[in-house]
Amino acid sequence: MAESAAVAQIGQLLFFYTSFMNRELFETMPDMMDAKQLAAVLHLSKSGTYNLLNSDDFLILKIGDRKQVMKQDLLAWLKQHTNGQEP
């Protein structure tokens, strides 16, 4: 249930990102992000970020106990969840 809430929260943000976000933000994002950086980029709460990181269709790189997200994987995930629209 928490996973679907995180996906719904992301869905609400996707319209904002696909409509208003410029490429500059994407270009300045680090190539690899931890949970705190991901939360800042997507404007999510800590719990929303961890729900997203634990969702089955969200690609992560696990290094020890840390979960990292590659920028290219995040962009692909956003594109997939916005019907292929470019940000």
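A residue counts as buried when its relative accessible area is under 20%, as exposed when that area is over 50%, and as partly exposed in between. With that in hand, here are the close-ups; keep in mind that this is a predicted model.

Figure 1. Let's start with the overview. The protein chain has 5 helices and 3 strands. How many of the 87 residues count as buried? The share is 33%. Now take the contacts between residues at least 6 apart in sequence: 67% of them join residues at least 24 apart.

Figure 2. The strands sit in the order 1-3-2, and their pairing is antiparallel. Strand 1 and strand 2 are at the edges with a single partner strand each, so one side of each has no neighbour in the sheet. What holds such strands together? Strands of a sheet pair through backbone hydrogen bonds. Look at strand 2 and strand 3 here: they run antiparallel and are joined by 3 bridges. If you want to spot a pair of partners, find Lys62, whose bridge partner in strand 3 is Lys67.

Figure 3. Helix 5 covers residues 71-80, and its buried residues are Lys71, Leu74, Trp77 and Leu78. Why do these four end up on the same side of helix 5? They cover an arc of only 125 degrees around the axis, and that puts them there.

Figure 4. The largest nonpolar core has 15 residues, and the ones touching the most other members are Leu38, Leu42, Leu52, Phe58 and Leu74. Which elements give two or more residues to this core? They are helix 3, helix 4 and helix 5. Helix 3 gives the most, with 4 residues. Zoom in on Leu38 and skip residues up to four places away in sequence: Leu38 touches Met33, Thr49, Leu52, Leu53, Phe58, Val69 and Leu74.

**Figure 5. Two rings meet edge-to-face.** A search of the whole structure turns up 1 aromatic pair. How do the rings of Phe58 and Trp77 sit relative to each other? Their centres are 5.2 Å apart and their planes are at 80 degrees; planes over 60 degrees apart count as edge-to-face, so that is what this pair is. The two residues come from distant parts of the chain, 19 residues apart: Phe58 is in the loop between helix 4 (46-53) and strand 2 (61-63), while Trp77 is in helix 5. Are these two buried or exposed? Phe58 is buried, with a relative accessible area of 4%, and Trp77 is buried too, at 3%.

**Figure 6. Lys71 and Asp31 form a salt bridge.** The whole structure has 2 salt bridges, and this view shows the one where the side chains of Lys71 and Asp31 meet at 3.7 Å, N to O. Lys71 lies in helix 5 and Asp31 in the loop between helix 2 (23-28) and strand 1 (32-33), so the pair ties together parts that are 40 residues apart in sequence. Lys71 has 15% relative accessibility, so this residue counts as buried. Asp31, at 57%, counts as exposed. What else does Lys71 contact? Leaving aside neighbours within four places in sequence, Lys71 is in contact with Phe26, Glu27, Met29, Pro30, Asp31 and Met33.

**Figure 7. Arg66 and Asp34 form a salt bridge as well.** Here the side chains of Arg66 and Asp34 meet at 3.6 Å, N to O. Arg66 lies in strand 3 (residues 66-70) and Asp34 in the loop between strand 1 and helix 3 (35-42), so this pair ties together parts that are 32 residues apart in sequence. With 22% relative accessibility, Asp34 counts as partly exposed.

**Figure 8. His43 has a positive phi.** Most residues other than glycine have a negative phi. His43 is not a glycine, yet its phi is positive, at about 55 degrees. Where do you find His43? Look in the loop between helix 3 and helix 4. His43 counts as exposed, with 55% relative accessibility.

Technical notes: Residues numbered from 1 in each chain as written. Predicted model: local features only at pLDDT ≥ 70, side-chain atom pairs only at ≥ 80, totals over all residues. Heavy atoms only, no water. Buried < 20%, exposed > 50% of the residue type's maximum accessible area, 1.4 Å probe, protein only. Arc of directions from axis to C-beta. Salt bridge = Lys/Arg side-chain N within 4 Å of Asp/Glu carboxyl O. Phe/Tyr/Trp six-rings, centres within 6.5 Å; stacked < 30°, edge-to-face > 60°. Pairing = 2+ DSSP bridges. Core = buried A, V, L, I, M, F, W, Y, C linked by side-chain atoms within 4.5 Å. Contact = heavy atoms within 4.5 Å.
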